[in-house]
Amino acid sequence: QAKVHFSAEGEIEFKSIVYIPGSRPADHFDQYYAANSAAVKLYVRRVLITDKFEDLMPKYLNFVRGVIDSDDLPLNISRETLQQHKVIKVMKKKLVRKTLEMIKQLQSDDEKYDKFWEAFGKNIKMGLVEDSSNRTKLIKLLRFPSSKSGEKTTTLAAYVERMKENQKDIYYITGESKDAVMKSPMVEKLHARGLE
């Protein structure tokens, strides 16, 4: 669906390519908390160190695939030492930032983003819970079905823009499907008041 290739320079240097696959694997959420669920390969000076290193990406971005090549890590590093290495923490921060920027760019094409959201929207929602440092960025990526969005989904910002002048609250309901919640008496009350 999307890819980004970049070179990080400054306090540490590394090259990376990360991408979002076109579809979600069938057992994607079965593997969410499993060990080695990450799919980012770490190289040091073009030598493979590990092909499933979880500390490079947070769990909620475990659908992202990629390759990172660093010259700043020693070749003979153990897995335990690698997890504590300060270079890894900086790499992770930059990788997450670039990945979230890549996802944000997908929003310019509604069809592509709808496909992405259908496949990986739950991951972004999990990120809101798990990653407080990136919560503001993640909120902008959210999509929800709405009583005024028809068959499409809407963003939180678009909902707020459409709020009535005296409306102080955001109304939401959870359920099995959009059709099921639209039949709720609470939703009918809101509709009668012209609220989304």
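This is a predicted model: local features need pLDDT of at least 70, side-chain atom pairs count only at pLDDT 80 or more; totals for chains, interfaces and linings use all residues.

Trainee: How many helices and strands does the chain have, and in what order do they run?

Mentor: The chain has seven helices and seven strands. Starting at the N terminus, the order is β-β-β-β-β-α-α-α-α-β-β-α-α-α.

Trainee: What can be said about the chain as a whole, in terms of burial, surface and contacts?

Mentor: The chain has 196 residues, and 39% of them are buried. Its accessible surface is about 12200 Å², with 50% of that belonging to carbon and sulfur atoms. As for contacts with a separation of 6 or more, 63% are between residues 24 or more positions apart.

Trainee: How should I read a nonpolar core?

Mentor: In soluble globular proteins, nonpolar side chains tend to be buried together. In this model, the largest nonpolar core holds 40 residues, and those touching the most other members are Ile20, Leu56, Met91, Ile103 and Phe116. Strands E1 (2-8), E2 (14-20) and E3 (39-44), together with helices H2 (86-106) and H3, each supply at least two residues of this core. The element that gives the most to this core is H2, with ten residues.

Trainee: Which residues does Ile103 touch, if those up to four places away in sequence are not counted?

Mentor: Ile103 touches Ile20, Leu61, Phe63, Tyr113, Phe116, Ile124 and Leu141. Two of these partners, Ile20 and Phe116, are also named with Ile103 among the core residues that touch the most other members.

Trainee: Which elements supply the lining of the largest pocket, and of what classes are its residues?

Mentor: Strand E6 (144-145) and helices H5 (156-162), H6 (178-182) and H7 (185-192) each supply at least two lining residues. The largest share, four residues, comes from H7. By class, this lining has 15 nonpolar, eight polar and four charged residues.

Trainee: What is the volume of the second largest pocket, and which residues line it?

Mentor: The second largest pocket has a volume of about 250 Å³. Its lining consists of Arg24, Asp114, Trp117, Glu118, Ala119, Phe120, Gly121, Lys122, Lys125, Lys152 and Thr153. Helix H3 (residues 110-130) provides the largest share of this lining, eight residues. The classes here are three nonpolar, two polar and six charged.

Trainee: Let us turn to single residues. Is Lys94 buried or exposed?

Mentor: Lys94 is buried, because its relative accessible area is 17% and the cut-off for burial is under 20%. This lysine is in helix H2. Apart from neighbours within four places in sequence, Lys94 is in contact with Phe6, Ala8, Glu9 and Phe14.

Trainee: Where is Lys137, and what does it contact?

Mentor: Lys137 is in helix H4 (residues 135-139). With a relative accessibility of 39%, Lys137 counts as partly exposed. Neighbours within four places aside, Lys137 is in contact with Arg97 and Leu100. Lys137 and Leu100 are 37 residues apart in sequence, and their C-alpha atoms are 7.4 Å apart in space.

Trainee: What should I look for in the backbone angle phi?

Mentor: Most residues other than glycine have a negative phi, and most peptide bonds are trans. In this model, Arg45 has a positive phi of about 50°, and Arg46 has a positive phi near 65°. Arg45 is in the loop between E3 and strand E4 (47-50), and Arg46 is found in the loop between E3 and E4. Arg45 is partly exposed at 39% relative accessibility, whereas Arg46 is exposed at 64%.

Methods: Residues are numbered from 1 along each chain as its sequence is written. Side-chain values use heavy atoms; hydrogens and water are left out. Ala, Val, Leu, Ile, Met, Phe, Trp, Tyr, Cys and Pro count as nonpolar, Asp, Glu, Lys and Arg as charged, and the others, Gly among them, as polar. On a 1 Å grid over the protein atoms alone, a cavity is a set of points where a 1.4 Å probe fits but cannot get out, and a pocket is an open set with protein on both sides within 12 Å along at least five of seven lines; lining residues have an atom within 4 Å of a point. Grid points are joined across faces, edges and corners, and a volume is the space filled by probe spheres set on the points. A nonpolar core is a set of buried Ala, Val, Leu, Ile, Met, Phe, Trp, Tyr and Cys residues joined through side-chain atoms within 4.5 Å. Buried means under 20% relative accessible area, exposed over 50%, partly exposed in between (1.4 Å probe, protein chains only). Contact means heavy atoms within 4.5 Å. Accessible areas come from the Shrake-Rupley method with a 1.4 Å probe; for residues, only the protein chains shown count as cover.
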